[in-house]
Structures are given as C-alpha cells and as structure tokens.
Amino acid sequence: MRAPAGYRGQFRTDDVARALYAEGAGIFRILPAAVAVPADREDLALLARWAHAGGVAVVPRGAGSGMPGGNVGTGVVVDLSRAFREEPAVDAGARTARAGASVTYRALNAAAERQGLSLPPDPSSGAFCTLGGMVATNASGARTLKYGAMRAWVRGLEFVTAEGETGRADARTHGRTAAERRFERDVAPGIRAHASELEAAAPRTTKNSSGYALDAWARSGATTDLLTGSEGTLAMVTGVEVALAPLPARRSTLLVTLRSLDDVGPAVQALRPLGPSAMELLDRTYLDLVRDAAQGRVPDGTEAVLLVEFEGDGRGAVEAVRHLASTTELAVDPASVSRLWELRHLASPILARLPGQQRSLQVVEDGCVPVDVLGRYIRALREAADAHRFGIVIFGHAGDGHLHANLLADVSQPDFPARLASCLEAVTGVQLSLGGTPSGEHGDGRLRAPFVARAFGDAYLELCRRTKAAWDPTGILNPGVKLAAEGAAPFRAETLKVGPAAPPIPDAVAAKLRELERAAGWAAFKLDLVPGPDGAAR
Ligand SMILES: Cc1cc2nc3c(=O)[nH]c(=O)nc-3n(C[C@H](O)[C@H](O)[C@H](O)COP(=O)(O)OP(=O)(O)OC[C@H]3O[C@@H](n4cnc5c(N)ncnc54)[C@H](O)[C@@H]3O)c2cc1C
C-alpha cells in the first residue's frame, strides 16, 4: 500500500509503525495495513477521497485511550492527534471555547479555568484523551451526574466526511455536506416516524454511549448530536466548539460506608435530591485492592463506599443517609476533600501494574443500569466473575448507575479467552435484563458492536445501518465498529493483546506499548516511541 498522490503527511507501512498502532487501551491487538498522520485538514480530506474511491478501510484515532477497540483495525489507522492543534480560544462572555480536535481535555480545561470556567464532563483520562476522541465516544466523567456527558456540551463541530468533504455544523448550521443531505433524504423521515419507538427502546439510564444517538437527533435535528458518540464511523472530527460552565466557589465531599449492597440503591436515591455534582462508588472488590490506603477510613465488613461531591457545604447530606450508613465523614476544606478523593484514584495504577501473567481486562467494564437495581447489578457482576474464574474490581459512577468492572485474569491459561467471551455474554444479558446499557461512556467499539441489535432491537439497528450508509456509502470509516457484520464475535483469541494467540509484534514495540499502558502515557506520539527502519519516514 502506498500513500495517495499529493498527500503530504506521514504514511508508513513498516512493521514497527504498524505494531505501534496495533493496540489502544483495552484488550485488542490488531495489526493495521498502514499508519497515516495527515499534515492538515486538506491532507485528511485527500486521504478520505482516496480511501473512499479505493474502498480502503480507515480507522480514525486520537490518543488511543479508548477501551472497546474503536481505535484499532486492519485498515489504515489515521492518527488525528497531531494535525489539529489549534489552541483553545475561550469566549468568557459567551461561555464557549473552540479548539482543534487534537487538543487534550486537560489543555482545554486549563484555558477555561483561567477564566473561571470549565468543561464539566471530566474524564479520568483528561490528561491525555483528545477532544476529537471525547466527541467520538460521548465521553463523560464523575461530574456527568450533574452536568451530563459530552453531547450536552458540544456546540459546534468541524469534520471531514468519508468522501473527503469538509463540513461544519452547529445548532443552526447543518445539511451542507452531501452526507448530511443523503441522511436527511433517506433516513431522517424514518427516524422521525419512529421517534416514540426509539425513545421507548432507549435504556432506562441517565447515561448511554451505545448505538447511534438517533433519539437525541430526533429531538434536535442537529448533526452535532448525531456525530457525538459515533466513534469515527460517520465522519472524522477536526475542530470542536463547546459550552463551558462557571466553576463553583467551593466543593465539599461526603464519604459514606455501607454494610450491605441492598443499601447502595437506597443511599444513592436518598442523596440524589440534594443535587450532588458527583457520586462515586468503591465496591468491596475495589477496597480489597487498595486495602492499605483504606485502612482506618473504612471499617471492616464494608461492602461499598460512596464518595459524594457537593458544590457547597453538603448540608443535609449526612442526615439523608444516617439510617443506611455505617459511618460518614464530611470534608469541607480543600485539603481534606482531596485526601478523600485520593481513595478513588488509587486503583488504575495498581490495575495497570499487576504482576506476572495477571492482567486487568476491560470487557464488561462499562455497563450502566437504573440506580434502583445497582445492588443487584453489583451482585451479578461478582457472581459472573466467580463463575468464570476471574477476579473482579468494581468502581464507578454510582449516581448514574454506571460501573467500571475490570476482570482480573491469568492470561497464561489457554482457556481464558473462552471464559472471557462467556462472561461478556452473561454480563451483557444481565445489563439488558435490568433495563441498562452495555456502555455508559466508553462506546461500543468492536467489543460491544455485536450486542447493539440485542440492546435496542432490529428496527433501531436497521435505522443505524441506513444512517451509516448515508454518511459512509462505501463503508470505509471504522468498519466493524458500532455495527458488526452478521454473526461477528466480540473478539477472538487472535485479536487479543495478551495470551498465547496474540499476533506477534517486534519485542521493542511490545515493551514500549506495555510501558505506555502501565504509565498511562497515551499522550505520546506513537511513531516517536521506537525508531522505524531506514527510509520509513513516509
Ligand atoms: C486510565 C483511563 C481512564 C479513562 N477514564 C475515562 C473516563 O473517565 N470517562 C470516559 O468517558 N472515558 C474514559 N476513558 C476512555 C477514553 O479515554 C475515552 O473514550 C476518550 O474519549 C478517548 O479519547 P482518545 O483521544 O484516546 O480517542 P481514541 O481512543 O483514539 O479513539 C476512541 C474512538 O473515537 C474515535 N475517534 C478518535 N478521534 C476521533 C476524531 N478526531 N474523529 C472521529 N473519530 C475519532 C476512534 O475511531 C475510536 O472509535 C479512560 C481510559 C483510560 C485508559
């Protein structure tokens, strides 16, 4: 494969470059045919026209921190983390900011904070994830409880379509590209006609990053709503405009320890009316992992901890849960508040550095259920892990019923991929039977694409397929992501980054990628990690 004529960016097909882009966060290792790093918007548009004409699959990619395999694939991985670095421009009066899609959340938020503002969806990955990746996955964070996910804050997008047309959309502007016109002509009438069924088929949860947001589009008619959460399958985002919120004058945090899982749902429901900005859960499986740090703060026999943030002094919060809590601790000064939150930030580094052949695998890591069944869901997660002989660590965003569950596996055991697949199947069944969704914020990627029809029904799936066909007529953008081929499996042993069947990659690259994962170094430019062979610059 060779770069298209007139293309000015990097285009590499050597083994080193392909291996460097074979993995993102999450479980997958899939070797691409080539890696492209376009120089600018025109270069990206040219690349898209070439791919569209030749039927070449394209995998748009930001920092690569996405979990479910939307950032890897067999086609040309297009690294969008370099070219679109227009510095954040904050309009404090209008409470908006614009920036290039390659800019990280941290950089945009730092610029906003200098003006007393912030972009409220605050992913833990904010230090490295790109704004393009956040839009593509409809990313969110702890404060989504009060402020919603990324879609609620996107005001405008610049993008390049599968056919290489550049577009711009905001609340008033849409329908200017051929893709949007086809969508409006061929698919929009069907969506409008089925709007009430789409609402009914949507999960009973406050968060969802699974499927296309046809329900949100039906309400607003805005291209921005449809592209947000489309995981690089409809268009490639190059610029972002977001709304900002004022920073609160103060924050307080309440730590609540609970002796029974049956008290989790009622405690969440007792606290929600007080308007918390975040409500995080640390399950017993999490507390076991961080035992030393939790000692003294969390009594023996605790089944779950809630960390609840208020913008203000948290008045009334202790009273609201007194009948359920075994202990409470309210922090109001900034130093005590950050000491309490340290407990929430301990797990990711430990999970990334498990010893020997132990790995933390993100396969059922993103389910979201209605809060009244949260206790039942935690029990089901623990049981499914036990039944499939995995360890499990559960934590997440209790206020939204959204839990991260990492399976702990010994990847030297030859049957672990089969157990993993069976566990995924079982847990997805539980999520759906509880009225939930397989993805609260990470997206479907390749991993959850096979479950979209089961989650939302055949009529919804058909509208998604028509949406995809309107935006991407030759199916080049991230094939297999969000919409799976008939009968496709979520993964195979040969597409995993761990285990004996993992595709071989050069040792130097494997070592660098493992180091990057352990240190959460996703912001690094991957082509800089290992020198390519002579003459590999293009
Ligand atoms: C330690 C850790 C913590 C995390 N915490 C959170 C969290 O709190 N909340 C949360 O929501 N997520 C979290 N994530 C997941 C991840 O960071 C988010 O999904 C993030 O939005 C991905 O951004 P990225 O730039 O890394 O995108 P990538 O991983 O490169 O891509 C993700 C998806 O977006 C598509 N994409 C990327 N850029 C573009 C673009 N410019 N145009 C079109 N499509 C594009 C890709 O094709 C892919 O499907 C976490 C991940 C890690 C490793």
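## Asp-415 and Arg-389

At 31% relative accessibility, Asp-415 is partly exposed, while Arg-389 is exposed, at 55%. (Here buried is under 20% relative accessible area, exposed is over 50%, and partly exposed is in between, with a 1.4 Å probe and protein chains only.) This is a predicted model, so to speak of local features takes a pLDDT of at least 70, side-chain atom pairs count only at pLDDT 80 or more, and totals for chains, interfaces and linings use all residues. Residues are numbered from 1 along each chain as its sequence is written, and side-chain values use heavy atoms, with hydrogens and water left out.

Asp-415 and Arg-389 make a salt bridge, with 3.1 Å between the closest N and O atoms. The pair ties together distant parts of the chain, 26 residues apart: Asp-415 sits in the loop between strand S18 (402-410) and helix H18 (416-433), and Arg-389 in the loop between helix H17 (374-387) and strand S17 (391-397). (Helices, H or I with at least four residues, and strands, E with at least two, are DSSP runs numbered from the N terminus.)

## Other salt bridges

The count comes to 37 salt bridges, taking one to be a side-chain nitrogen of Lys or Arg within 4 Å of a carboxyl oxygen of Asp or Glu. Side chains of opposite charge can pair when their charged atoms come close.

Arg-168 is partly exposed at 27%, whereas Asp-170 is buried at 13%. Those two also belong to a salt-bridge network with Arg-98 and Glu-241.

## The second largest pocket

This pocket has a volume of about 490 Å³. Of its 27 lining residues, Arg-151, Asn-208, Asp-215, Ala-216 and Arg-219 are the closest to the centre. (On a 1 Å grid over the protein atoms alone, a pocket is an open set of points with protein on both sides within 12 Å along at least five of seven lines, and lining residues have an atom within 4 Å of a point; the volume is the space filled by probe spheres set on the points, which are joined across faces, edges and corners.)

Helix H8 (195-201) and helix H9 (214-220) are the elements that give two or more residues to the lining, and H9 has the largest share, with four. By class, the lining has twelve nonpolar, ten polar and five charged residues. (Ala, Val, Leu, Ile, Met, Phe, Trp, Tyr, Cys and Pro count as nonpolar, Asp, Glu, Lys and Arg as charged, and the others, Gly among them, as polar.)

How values were computed:
On a 1 Å grid over the protein atoms alone, a cavity is a set of points where a 1.4 Å probe fits but cannot get out, and a pocket is an open set with protein on both sides within 12 Å along at least five of seven lines; lining residues have an atom within 4 Å of a point.
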